Amino acid sequence: MKKYLLILSALLIFMGCSKVVDVQLDPEVTVFLSSSEEKVHLTSSDAEYLMLKQWLEQHKTSWLSTSGKYSGGIYLTSGNYGIQVTDSKVVLYSSIENNPTAIYAQEIERSDLRALKDLSKL
């Protein structure tokens, strides 16, 4: 019985720590590539844009609070959020003006958002 209570407590703590975040993409976003100074513009008709939009719609829950900055991947801004996609996570940033600060992160598989990640290889 103690084992079940411990598991239930752990689940409740985990669920209490995760956030629901609804990120809406602007009709056009600029993707900044960490590997170069290059920028890529995506619109709502681009496959990479649609992939990210769908992923964000399907992953509104289970965002974990985080802080700091992460390196690598691609970075874009949309509305009040900065969005970074790395090999292993999607990170949401606030204060996208002068000093972006990571606020939420969600782990992803290496195969998730592959076409978007491949933009960093341009």
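Helices here are DSSP runs of H or I with at least four residues, strands are runs of E with at least two, and both are numbered from the N terminus. With that rule I get three helices and eight strands for the protein. Reading from the N terminus, I noted the order α-β-β-β-α-β-β-β-β-β-α.

**Ground rules.** I'm working on a predicted model, where local features need pLDDT of at least 70, side-chain atom pairs count only at pLDDT 80 or more, and totals for chains, interfaces and linings use all residues. Residues are numbered from 1 along each chain as its sequence is written, and side-chain values use heavy atoms, with hydrogens and water left out.

**Whole chain.** I looked up burial next (buried is under 20% relative accessible area, exposed over 50%, partly exposed in between, with a 1.4 Å probe and protein chains only). Of the 122 residues, 32% count as buried. The protein exposes about 7700 Å², and 54% of that comes from carbon and sulfur atoms; the areas are Shrake-Rupley values with a 1.4 Å probe, and for residues only the protein chains shown count as cover. For contacts (heavy atoms within 4.5 Å), I took those with a separation of 6 or more, and 53% of them join residues 24 or more positions apart.

**Positive phi.** Which residues other than glycine turned up here? Leucine 113 has phi near 55 degrees, and serine 62 has about 70 degrees. I found serine 62 in the loop between helix 2 (47–58) and strand 4 (63–65), partly exposed at 36% relative accessible area. I paired rings of Phe, Tyr and Trp (its six-membered ring) with centres within 6.5 Å; planes under 30 degrees apart are stacked, over 60 edge-to-face, the rest tilted. The count comes to two pairs. Tryptophan 55 and tryptophan 63 are edge-to-face, at 5.9 Å centre to centre and 85 degrees between the planes, and both are buried. Tyrosine 75 and tyrosine 93 have centres 5.5 Å apart and planes at 75 degrees, so I logged that pair as edge-to-face too. Tyrosine 75 is in strand 5 (residues 74–78) and tyrosine 93 in strand 7 (residues 89–94), so the pair ties together parts 18 residues apart in sequence. Tyrosine 75 is buried at 19% relative accessibility, and tyrosine 93 is buried at 3%.

**Serine 120.** I found serine 120 in the segment after helix 3, buried with a relative accessible area of 19%. Its side chain reaches the backbone oxygen of lysine 117 at 2.7 Å. Leaving out residues up to four places away in sequence, serine 120 touches Leu33, Ser35, Gly73 and Ile74.

Definitions and conventions: Polar contact = N/O pair within 3.5 Å; in protein donor to acceptor, adjacent residues only side chain to side chain.
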